[in-house]
Amino acid sequence: MRTLILFVLAFTLVAANASAQDDDPDLDLSVSQPDFTVVTLPTTLRLPRFKSAFRVTHRFGRPLGDGGFGDLAGDLFGLDAGAQIGLEYRFGVMRGLQAGIHRTSNKTIEFFSQYDVMQQTASRPVGLGILASIDGTNNFRDSYSPALGVAVSRNLGSRGALYVQPVWVNNSNPEPQELVDDNDTVLIGLAARVRVRPTVYLVGEVAPRLYGFDPGVSHGTFGIEKRAGGHTFQLNFSNGFATTMGQLARGGFTNDDWYLGFNISRKFF
């Protein structure tokens with residue numbers, strides 16, 4: 001009898017914990033913020049506690065404006081060219097706190113975290129998150145670039161969301177520090193996601209540099225995405241290959257060359 005009582009109590013506690021997790025509002029779909037990034041810039045979507053998500057980024061190396069249409073079609077619009085590929089995994093450490101790792105095929109590794117300070121409500125006009133990351137080249141053995149910033153979001157009902165993200169990036173200049181004057185970059189990420197169909201969105205972002213090291217042109221990208229259950233499929237066009245904060249600080253290549261790419265993300269909840 002005592003064993004039976006203990007079993008019933010244990011079962012009740014497990015069921016109560018599962019019910020509490022099922023009631024977690026972070027598990028609900030947000031149609032205005034369906035993913036944890038816009039293209040490269042983060043959103044303020046919360047990752048539920050102890051849940052995870054995976055993302056693949058892919059940027060083809062052939063400029064879409066290189067050669068005539070026949071040349072482009074012959075290369076299958078860049079799909080025959082090489083690519084920079086990124087693999088990312090993030091985990092919900094606690095309520096409002098997520099952390100993850102992103103590695104690109106040029107051997108850059110970024111560790112990142114984000115803490116949700118507040119969410120938009122009827123009395124709070126915006127959502128706010130704190131961003132922190134560090135990336136390193138050569139499999140995180142060289143040229144470390146830590147970054148700190150905030151993400152401010154404004155949901156537009158069910159129609160999408162707008163973002164403003166001031167970010168400071170240290171060691172953004174890849175040249176040796178003793179040879180350069182500017183070794184930091186302050187950028188401001190501006191992004192939007194607009195819902196045009198029940199599960200289809202248009203996305204765009206730009207990250208102008210306000211201070212410090214700012215070679216080339218500012219990162220810019222736009223695209224279209226489709227949400228399908230826990231998956232998000234995105235086709236995008238960018239003026240560079242940036243997928244980490246350090247890479248964003250270094251900007252795009254040129255506004256005359258744009259590159260085809262895609263993101264695929266999967267939520268495990």
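At 37% relative accessibility, Phe111 counts as partly exposed, a class that lies between buried (under 20% relative accessible area) and exposed (over 50%), computed with a 1.4 Å probe and protein chains only. This is a predicted model, in which local features need pLDDT of at least 70 and side-chain atom pairs count only at pLDDT 80 or more, whereas totals for chains, interfaces and linings use all residues. Residues are numbered from 1 along each chain as its sequence is written, and side-chain values use heavy atoms, with hydrogens and water left out.

**Aromatic pairs**

- A search of the whole structure finds 9 aromatic pairs, where rings of Phe, Tyr and Trp (its six-membered ring) pair if their centres lie within 6.5 Å, and planes under 30 degrees apart count as stacked, over 60 as edge-to-face and the rest as tilted.
- The rings of Phe60 and Phe262 have centres 6.1 Å apart and planes at 55°, so this pair is tilted.
- Because Phe60 lies in strand 1 and Phe262 in strand 13, the pair ties together parts that are 202 residues apart in sequence.
- Phe60 counts as buried at 8% relative accessibility, while Phe262, at 23%, counts as partly exposed.
- Phe111 and Phe140 form an edge-to-face pair, with 5.0 Å from centre to centre and 85° between the planes.
- Phe111 belongs to strand 4 (residues 109–118) and Phe140 to helix 3 (residues 137–140), so their pair ties together parts that are 29 residues apart in sequence.
- Phe140 is also partly exposed, with a relative accessible area of 25%, and ring pairs link Phe111, Phe140 and Tyr144 into a cluster.
- The charged end of Lys267 sits over the ring of Phe36, 5.9 Å from its centre; the criterion is that NZ of Lys or CZ of Arg is within 6 Å of the ring centre and within 35 degrees of the ring normal.

**Strand 1 and its partners**

- Strand 1 (residues 52–63) is mostly covered, as 9 of its 12 residues are buried.
- Strand 1 runs antiparallel to strand 2 (residues 83–94), to which 9 bridges join it; two strands pair if DSSP finds at least two bridges between them.
- Within strand 2, Ala83 is the bridge partner of Phe60.
- Strand 1 also pairs with strand 13 (residues 259–267) in the antiparallel sense, over 8 bridges, and there the bridge partner of His58 is Phe262.

**Whole chain**

- The chain holds 4 helices and 13 strands, which are DSSP runs numbered from the N terminus (helices H or I, at least four residues; strands E, at least two).
- Of the 269 residues of the chain, 42% count as buried.
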